[in-house]
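Visitor: I am new to this structure and would like to be shown around. Could we begin with the open spaces and then turn to the rings?

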Amino acid sequence: MWWFQEGLCVLPVALVVWTAATFIFAYITAVVLRHVDPLVPYISDTGTVAPERCVFGVMLNVSAFLGVATMYVRYKQLQALADVEDTRLNRLNVVGFVFGCCSSFGMCVVANFQKTTLFSMHLVGAILTFGIGALYVFIQTALSYLMQPHIHSKTMFWTRLSVGIWTLSSIISMFVSSVIMYSTLPGVEVNKKLHWTPGEPGFTAHIVSTISEWSLALSFISFFLTYIRDFKKINLRASAELQSNHLYESQHYRPVSARGPTETSPLLTGSI
């Protein structure tokens, strides 16, 4: 058995690889077609102009789906590991899953509302993706802290905390540099500016902002790499419990098969 066939570790691997491929493909296409400058454009700029924005949107929507699937598996795993009476741990687990879903929804908003067409919605999507996503990272880090040393190792906690600090520092750097950039260029529609010339007003702040955005995206998807070892130890199954042996609204007789009214398939209910 290959390592990625153990448990469900293929999920976080697929999420990270697919999302990284989305960014790289959009960047190469936009640069080749000269829609953006090669020197560190915003990630959103590489998915603004057709045809790359079409593929960027579809691929990022798939990333959002993989994100929800990964976060759901993590939620079910911690639910199975945590003591039922530990209300703090279980509440944090639920809140973390909700935040994770909000972050994935924000990714869909970013993918489908380009910054040059509807900047306000694009900004809302970015805040949901990275702002709420950062909260998800820190909640999972807190859960790792609360579950050590019996369930989580100290090494894993410090690894996730380091990634969380990386994410937070990238957010602060991006916010500060973006404020400086916008204040340097009053009256300019910066959200529609795709080409920058070295030496022009706001160029340095722009470069710092774009580097911070790439750093933020990299730190965020890197966090899910820490799930690989954990996901090797969980499988999920779906359990269908039939309430009737037919699908009519009224009473209808049909002999129950020898197989019985219950069927299972490998999807939802957790086992560790």
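Guide: Let us start with the lining of the largest pocket, whose residues divide into 22 nonpolar, 6 polar and 2 charged. Please keep in mind that this is a predicted model.

Visitor: What volume does the largest pocket have?

Guide: The volume of the largest pocket is about 770 Å³. Its lining is made up of 30 residues, and those nearest the centre are L123, A126, F130, M174 and E213.

Visitor: Which elements give two or more residues to that lining?

Guide: They are α1, α2, α3, α4 (119-146), α5 (154-184) and α6.

Visitor: And which gives the most?

Guide: That is α4, with 8 residues in the lining of the largest pocket.

Visitor: What about the second largest pocket: how much space lies in it?

Guide: The second largest pocket holds about 190 Å³ of space. Of the 12 residues that line it, Q77, I151, H152, D230 and K233 lie nearest its centre. Two or more lining residues come from each of α2 and α7 (228-231), and α2 provides the largest share, 4 residues.

Visitor: How do the residues of that lining divide?

Guide: The lining of the second largest pocket has 5 nonpolar, 3 polar and 4 charged residues.

Visitor: Which residues line the largest cavity?

Guide: The lining consists of L15, T19, S63, G67, M71, S103, S104, M107, F220, I221 and F224. At least two of the lining residues come from each of α1, α2 (52-81), α3 (87-112) and α6. By type, the lining has 6 nonpolar residues, 5 polar ones and no charged ones.

Visitor: On to the rings, then. How many aromatic pairs are there?

Guide: The structure holds 15 aromatic pairs. One of them joins F23 and W214 in an edge-to-face arrangement, 6.2 Å centre to centre with 80° between the planes.

Visitor: Where do F23 and W214 lie?

Guide: F23 belongs to helix α1 (residues 10-32) and W214 to helix α6 (residues 203-223), so this pair ties together parts that are 191 residues apart in sequence.

Visitor: Is F23 buried or exposed?

Guide: F23 is buried, because its relative accessible area of 11% is under the 20% limit. W214, at 24% relative accessibility, counts as partly exposed.

Visitor: What about F223 and Y227: how are their rings arranged?

Guide: The ring centres of F223 and Y227 are 5.6 Å apart and the planes stand at 70°; the pair is edge-to-face because that angle is over 60 degrees. F223 is buried, with a relative accessible area of 0%, and Y227 also counts as buried at 0% relative accessibility.

Visitor: Which residues do ring pairs link into a cluster?

Guide: The cluster consists of F130, Y136, F220, F223, F224, Y227 and F231. Among them, F130 was named at the largest pocket, while F220 and F224 also line the largest cavity.

Visitor: One last item: what sits over the ring of W196?

Guide: The charged end of K193 does, at 4.9 Å from the centre of the W196 ring.

Methods
Residues numbered from 1 in each chain as written. Predicted model: local features only at pLDDT ≥ 70, side-chain atom pairs only at ≥ 80, totals over all residues. Heavy atoms only, no water. Phe/Tyr/Trp six-rings, centres within 6.5 Å; stacked < 30°, edge-to-face > 60°. Buried < 20%, exposed > 50% of the residue type's maximum accessible area, 1.4 Å probe, protein only. Lys NZ or Arg CZ within 6 Å of the ring centre and 35° of its normal. 1 Å grid on protein atoms, 1.4 Å probe; cavity = no way out; pocket = protein on both sides within 12 Å on 5 of 7 lines; lining within 4 Å. Nonpolar A, V, L, I, M, F, W, Y, C, P; charged D, E, K, R; others polar. Points joined across faces, edges and corners; volume = space filled by probe spheres on them.
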